[in-house]
Protein chains: 2
Amino acid sequence: MNNVRSSLKTPFLAADVIIELMDRPGRPIVLIERLNPPHGMAIPGGFVEHGLESVERAAVREALEETSLVVRLRALLGVYSNPARDPRFHTATAVYVAEATGIPKAADDAKAIQVVAVEEIPLNLAFDHNLVLSDYLVFRAEGRVAPLREES
Amino acid sequence: MNNVRSSLKTPFLAADVIIELMDRPGRPIVLIERLNPPHGMAIPGGFVEHGLESVERAAVREALEETSLVVRLRALLGVYSNPARDPRFHTATAVYVAEATGIPKAADDAKAIQVVAVEEIPLNLAFDHNLVLSDYLVFRAEGRVAPLREES
């Protein structure tokens with residue numbers, strides 16, 4: 001067993017959360033400006049802690065840490081794991097759609113917060129978050145989760 | 001970046017596949033008897049290779065390696081990541097529902113294959129695979145994916 005473990009290398013696992021602000025007209029979403037590289041705007045999220053928490057718990061914790069919002073997870077949009085999606089190293093992320101109310105406030109890895117109407121999502125997000133949010137727009141409109149992608 | 005990487009410890013990431021045999025009456029599923037610990041029957045699957053493949057690709061590869069079946073992934077059932085789900089160490093798995101035709105043949109980490117009617121799923125599967133398959137039965141009957149679980 002320890003042999004398995006020491007030779008084992010799998011992608012680093014993260015959780016990201018698309019937070020819909022339910023108490024605002026048009027249900028806008030929350031983006032953060034990243035403090036750490038890769039810089040740029042992104043969906044809130046972060047790494048899952050080994051041995052300590054499930055992916056769902058990590059999602060709720062990271063949303064709280066970065067946006068100060070208590071979120072309620074509503075659905076798993078998809079798992080994004082293309083080996084090239086993160087410029088640092090291979091990461092996989094489970095992306096949840098969640099809801100919250102109140103005023104987001106940047107903290108932790110978030111340098112600033114942006115509340116964005118779904119018609120005005122910036123085109124230059126970090127990681128593969130533009131792909132994630134294009135899947136989210138389909139989910140929001142039609143209820144379909146992200147397509148499975150076997151190309152990589 | 002290298003500092004982030006060296007101090008970072010996230011759950012090991014796997015992919016598992018519930019394979020429906022489309023050319024048999026009642027669309028039974030494929031279970032394997034595990035060669036390596038933890039022993040017992042389980043859904044086919046295995047670890048995602050860092051830097052080399054997406055979770056979807058790992059799912060298709062592991063299904064082929066363990067059952068000799070070429071599968072077509074149909075849906076993401078859920079991500080299972082309770083820190084206690086694997087007796088070895090903390091693993092998270094993305095579980096897919098897939099379809100295949102033909103005759104499964106055990107190989108790699110599979111010591112034997114069992115083709116099982118959904119009414120006859122054994123109750124003592126390895127890992128949390130009984131939970132996974134109870135979620136699958138709901139999916140199969142009603143189309144709903146696994147519920148999100150924030151309790152751990």
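Arg61(B) has 18% relative accessibility and so counts as buried. The model is predicted. Arg61(B) pairs with Glu49(B) in a salt bridge, with the closest N and O atoms 3.9 Å apart. Arg61(B) sits in helix H2 of chain B, and Glu49(B) in the loop between strand S4 (45-47) and H2, 12 residues away. Glu49(B), at 35% relative accessibility, counts as partly exposed.

**Salt bridges**

Over all chains, the structure holds 30 salt bridges.

| Pair | Closest N to O |
|---|---|
| Glu20(B) and Arg27(B) | 2.7 Å |
| Arg61(B) and Glu49(B) | 3.9 Å |

Arg85(A) lies in the loop between S5 and S6 of chain A, and Asp128(A) in the loop between strand S7 (110-116) and helix H3 (129-142), so their pair ties together parts 43 residues apart in sequence. Both residues are buried. In chain B, Glu20(B) counts as buried at 1% relative accessibility.

**Core**

The largest nonpolar core has 42 residues. Ile19(B) is one of those that touch the most other members. Beyond its neighbours within four places in sequence, Ile19(B) is in contact with residues including Pro28(B), Ala63(B), Val71(B) and Ala98(B).

**Helix H3 of chain B**

The buried residues of H3(B) are His129(B), Val132(B), Leu133(B), Asp135(B), Tyr136(B) and Phe139(B). Seen down the axis, they fall within an arc of 155°, so they line one face of the helix. Ala141(B) and Glu142(B), on the other side, are exposed. Just after H3(B), Gly143(B) takes a positive phi of about 80°.

Definitions and conventions. Residues numbered from 1 in each chain as written. Chains lettered and ligands numbered in written order. Predicted model: local features only at pLDDT ≥ 70, side-chain atom pairs only at ≥ 80, totals over all residues. Heavy atoms only, no water. Core = buried A, V, L, I, M, F, W, Y, C linked by side-chain atoms within 4.5 Å. Buried < 20%, exposed > 50% of the residue type's maximum accessible area, 1.4 Å probe, protein only. Contact = heavy atoms within 4.5 Å. Helix = DSSP H or I, 4+ residues; strand = E, 2+ residues; numbered from the N terminus. Arc of directions from axis to C-beta. Salt bridge = Lys/Arg side-chain N within 4 Å of Asp/Glu carboxyl O.
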